[in-house]
Amino acid sequence: MTLSALIPAWAEESQEVTPSLPSQLPTQLRRPVALGLLNDGLRLAVANRRSGTVSLLNTDTWSVINEFPAGKQLSDLAVLPGGKQLLVTDEARHELIALRYGNDALQETARLPVSPSPVELILNDDATRCYVASLWSRRMSNCKSSKPSHYRSSRENCCYSAMPGC
């Protein structure tokens with residue numbers, strides 16, 4: 001299994017993300033499981049397990065300003081340095097999903113398969129490595145990159161193993 005480009009080079013460029021602000025959010029079970037600060041702490045991204053959505057909250061008013069359908073059963077979320085890009089794991093679809101933040105909206109930039117049942121996502125200090133722990137497959141996905149925003153598809157750069165440090 002190989003990883004495709006999570007956040008392509010063009011994602012670093014200043015591109016507009018057009019918001020589609022909901023007039024009223026649907027009533028549904030969300031069950032928040034992970035969160036991360038975006039936009040220098042002005043926004044909070046919340047991964048919702050039951051609804052498969054990522055909610056964006058205004059940290060001044062604590063109100064939901066937008067919600068983005070990202071997957072089926074989200075299990076974790078990590079914000080990349082700069083606070084404009086994030087990764088989420090979808091446990092039900094066995095995917096790692098890259099999102100870009102801008103104008104109070106999220107836009108999907110990549111979706112790729114990972115080892116079954118991903119439950120935790122972590123980045124190293126400089127975000128050049130992405131680790132995804134998978135529960136029922138008892139595997140870890142390990143992906144390295146030369147830059148925090150360039151995770152590439154390559155067998156040399158990514159591996160999946162039952163042991164850490166594969």
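Predicted model: local features only at pLDDT ≥ 70, side-chain atom pairs only at ≥ 80, totals over all residues.
**Ground rules.** I number residues from 1 along each chain as its sequence is written. Local features need pLDDT of at least 70 and side-chain atom pairs pLDDT 80 or more, while totals for chains, interfaces and linings use all residues; side-chain values use heavy atoms, without hydrogens or water.

**Entry 1: the chain.** I looked up the secondary structure. The protein chain has zero helices and twelve strands. Both are DSSP runs, numbered from the N terminus: helices are H or I with at least four residues, strands are E with at least two. Along the sequence I read β-β-β-β-β-β-β-β-β-β-β-β.

Entry 2: I picked an open sheet of four strands, in the order S5-S6-S7-S8. Its pairing is antiparallel. Two strands pair if DSSP finds at least two bridges between them. Strand S5 (74–79) and strand S8 (105–113) are the edges, and each pairs on one side only. Neighbouring strands here are turned by 25 degrees against each other on average, direction ignored. The axes are lines fitted to C-alpha atoms, and angles run from 0 to 180 degrees between N-to-C directions.

**Entry 3: S5 and S6.** Which residue of S6 stands opposite Leu74? I found Asp90 there. S5 and strand S6 (residues 85–90) pair in the antiparallel sense over five bridges.

Entry 4: I checked the 166 residues of the protein chain, and 49% count as buried. Buried means under 20% relative accessible area (1.4 Å probe, protein chains only). Next came contacts, meaning heavy atoms within 4.5 Å. Among contacts with a separation of 6 or more, 41% join residues 24 or more positions apart.

**Entry 5: surface.** The accessible surface of the protein chain is about 8,500 Å² (Shrake-Rupley method, 1.4 Å probe). Carbon and sulfur atoms hold 50% of that surface.

Methods:
Buried < 20%, exposed > 50% of the residue type's maximum accessible area, 1.4 Å probe, protein only.
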